[in-house]
Amino acid sequence: MNNYLWLIPLLPLAGFIINGLGRNALPKNLIGAIGSLVILVAFGLSVEAFLQVQSTGHPIEVNIFTWIKVGNFTVPFAFLVDQLSAIMLLIITGVGFLIHLYSIGYMHDDAGFGKFFAYLNLFVFFMLLLVMGSNYVVMFIGWEGVGLCSYLLIGFWFTNADYADAAKKAFVMNRIGDLGFLIAIFLMIHYFDSVSFNEVFAKVPGLHGAKVTHVLTLITMLLFVGATGKSAQIPLFTWLPDAMAGPTPVSALIHAATMVTAGIYMIARSHVMFDLAPFTTNIVAIIGLATAVFAALIALTQTDIKKVLAYSTVSQLGYMFLGLGVGAYTGSFFHVITHAFFKALLFLGAGSVIHAVSGEQDMRKMGGLYKKLPITFWTMLMGTIAISGIPPFSGFFSKDEILAHTYQYSPIMYYIGVITAMFTSFYMFRMLFLTFFGKFRGTHEQEHHLHESPATITIPLIVLAILSVFGGALNIPAILGGHEWLAHWLTPLFGEAKEGGHEGGIPEMGLMAISVGAAVIALVYAYIKYISKADIPVADTEERPLLTALSYHKFYIDELYDTIIRKPLDAISVFFYKVVDKMGIDGLVNGLGSGTVESSKGLRLLQTGNVGFYIFMMVIGIIAVLVYSLKF
Amino acid sequence: MSTFYFIAFLSIFFSLLVIFAKNPVHSVLYLILTFFTFTIHYVLLNAQFLAVVNFIVYMGAIMVLFLFVMMLLNLNKDAEPGKHYLVKLAGVIAGGCLLVTLVGTLKLTAKSDPVILQNANLGLVKNLGKVLFNEFLLPFEISSVLLLSAMVGAVLLAKKEQRATV
Amino acid sequence: MANITETIQTVPLNHYILLSAIIFSIGVIGVLIRRNAIVVFMSVELMLNAVNLLLTAFSVYKGDASGQVFVFFVMALAAAEVAVGLAIIVMIYRNTHSTDINVLSRLKW
């Protein structure tokens, strides 16, 4: 009965191997079919697993083999599918399948078609490992693997040096976070003697004394460091916008729907520890909120359509961390789900637009596309409304749940969150208006080529649009007459206590009204600014007002990192290279060599070739030896 | 007893003459005399076999070889340019030091008991032959190989090089 | 026979050692101060003989025939050595018209 579980990650791996080996030999249609079908079958199996969990109410645990065994410490290669990972499985395989389908159309003319599908399948494989692992070590394999695939796919067009640099940046930043995760695993092994989720969580309450807080704070902080790297939070968020160098389906799959939510999944999974470390949850909430505001501010002025979406993703991830920090695990996870729908939709829609205008990404050169690309326009409109938090679209419910918990936690943070939601609404509609309304601002040739995308592209858009619209139904709050299906579903994991909090004492309807009102105000402002006044962001060469310039240049964060981290590091490296390595170590080694040569040149003169002298010296030597043996 | 000291004195005297004689031919002759005194020493120790061998091999064969070479090379008159006297002095001093340390070292281990011949037959041919062909059979055989190879080597070295002339 | 052996009865072993050491050192001095290769060679023979005498003396002192067998081997070796050594000297003389060992410093390079 449980034997099919291992097939779920194995299928994408098989797809990777077939596509990877046959990338030049197989016809494109076959590669696309294999790449998509394996995901589709995995999706079917995931549904089966989901239904099984639903019917039994118990997690499925499968031990594939014992991987590491040292004394009492074992690391099994085991899978765990419970309520949390079952939903993740559905998202990964479901959204993943749609994006594979989309890629067939999107990447059709690319020379690296086979390679692309191989990487995508590999990514899905690692992502499934990440969510299915029943211990932190298996999770870490997936964690590292998705980082690798992210690197490979961001640098997919590696002949462009900028893209390759973006890939390196993403990889290095992820490594920083991974190190935190790794140390956290080591600490868990040290304190709990186990890496398995169940055992670790069972042992957490058993810790005694003052140490418990420190240990848990340390572990959770390190886990959070890992999450900031993978999920692009302050201070490690700058790689995500640059990651847009990859093909658009990659941005949708990896950098919006799945990989970047791994950090949220990991923290939600480890919530037992986070619950007992209030210091860390505070930090998580503050960092999440700060990231949300900061990224939203940057997104306000970006002109590259994918950059807007990238910063929007960072901002939404900030929301999710805010939710985790304030204890709204269900809300955060809910937002993960809805975000996966609408952000994947928006990215794919953006990809469709880019496809239509022959690779142009600058919104200043778009406009008026809604007539030419009706399906893309309507689906993107759905996504935009959803992310802006306007009811009854999905984003409203998930965002509202987080905000409601935040209000309970701290009203100030709540208001900052609402302002951020306002920003979100503004920049998303700004993007939509700039792209689809007004007059086309590109070249004639581009205008001539404008066309709606083929069915492989539009079908995923439509499916995702439907999901974005109705995804909120998963967890309609009780106050609006819903029955909070997701909350009940996740109860075995997160417990009732945390979730039941927002029943009394909070003016929930009022809060909803505030956030919806804010979103609508922003919408109207964007409409006035970009449609009525037809305002277009200025060209790069022109002067901008100070605040706009700050935002447009991403608050000079990259330059700041460059100055305070990279340049000192470079300087130290140069110092070590030139002084320690060149002069110190090389000097020592070369000095030994040349010293031997030089002293040999001197000593060589002793070798006169005069036999008499040699014998004389020999006799002296013998005398010395005899005297020595005589005396001692 | 006094015989020993007299012969010992002669040994030292002739060996000094060997190294200080100007003419190499004289050196060879003094060396023969020195070896003769050694033969007497062997006789005194009742090592008859060694005495005979010393007499035949050293005085008869080796020294004749020396003389032969000397004459072959026409070195009968002193062609040696002579070392600087300081070098000679240094050599003598070094040798003296060696003597002192050598004696000192050997004195530490040796006893001053008189040498008493326990077994009168010890140095006789019959006795030595038994030892040689029992315990030392293998070294004895190997030494024959040594001598053979030395002979071949000597012939090869001393032969005029044919290739140079061809 | 008895007379001969009696004459050495009272000679201490020390004196044999001393005699051998003196003759050995004379050989060393000869090697050090002479430049004629043949004389140097003869000094080496002196040293060998000094050792031979000492070995014999010890052999008699201990009543062990091995020492004398060893002397026999040394003599065999000396014979071989002299044959080869003199052949080399002849070669050198043929090439350099000298038996001066300092001429051999030419072998250095």
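Helices here are DSSP runs of H or I with at least four residues, strands are E runs with at least two, and both are numbered from the N terminus. This is a predicted model, so to speak: local features need pLDDT of at least 70, side-chain atom pairs count only at pLDDT 80 or more, and totals for chains, interfaces and linings use all residues. Residues are numbered from 1 along each chain as its sequence is written, with chains lettered from A and ligands numbered from 1 in written order.

View 1. Residues 67-93 of chain C are 100% helix and 0% strand, with end C-alpha atoms 38 Å apart. Residues 40-61 of chain C are also 100% helix and 0% strand, and the C-alpha atoms at the ends of that span sit 32 Å apart.

**View 2. Chain B against chain C.** Here 76 residues of chain B touch 66 of chain C, a contact being two C-beta atoms, placed from the backbone, within 7 Å. H2(B) brings the largest share, 11 residues. By class, chain B's side has 55 nonpolar, 16 polar and five charged residues; Ala, Val, Leu, Ile, Met, Phe, Trp, Tyr, Cys and Pro count as nonpolar, Asp, Glu, Lys and Arg as charged, and the others, Gly among them, as polar.

**View 3. Chain A against chain C.** Nine residues from chain A meet 10 residues from chain C. Chain A's side splits into four nonpolar, five polar and no charged.

**View 4. H3(A) with H10(A).** Helix H3 (residues 83-106) and helix H10 (residues 248-257) of chain A pack at about 165°, axes 9 Å apart; axes are lines fitted to C-alpha atoms over the stretch in contact, and angles run from 0 to 180 degrees between N-to-C directions. That angle makes the pair roughly antiparallel, the label for anything over 145 degrees. Among the contact residues are A:Ile91 and A:Tyr102 of H3(A) and A:Pro249 and A:Leu253 of H10(A). The classes come out as nine nonpolar, three polar and no charged.

**View 5. H18(A) with H23(A).** Helix H18 (residues 411-436) and helix H23 (residues 508-532) of chain A pack at about 35°, axes 8 Å apart. A:Phe426 and A:Arg430 in H18(A) are among the contact residues, as are A:Ala522 and A:Tyr525 in H23(A). This contact has 18 nonpolar, two polar and one charged residues.

Definitions and conventions: Angles under 35 degrees count as roughly parallel, over 145 as roughly antiparallel, 65 to 115 as roughly perpendicular and the rest as oblique.
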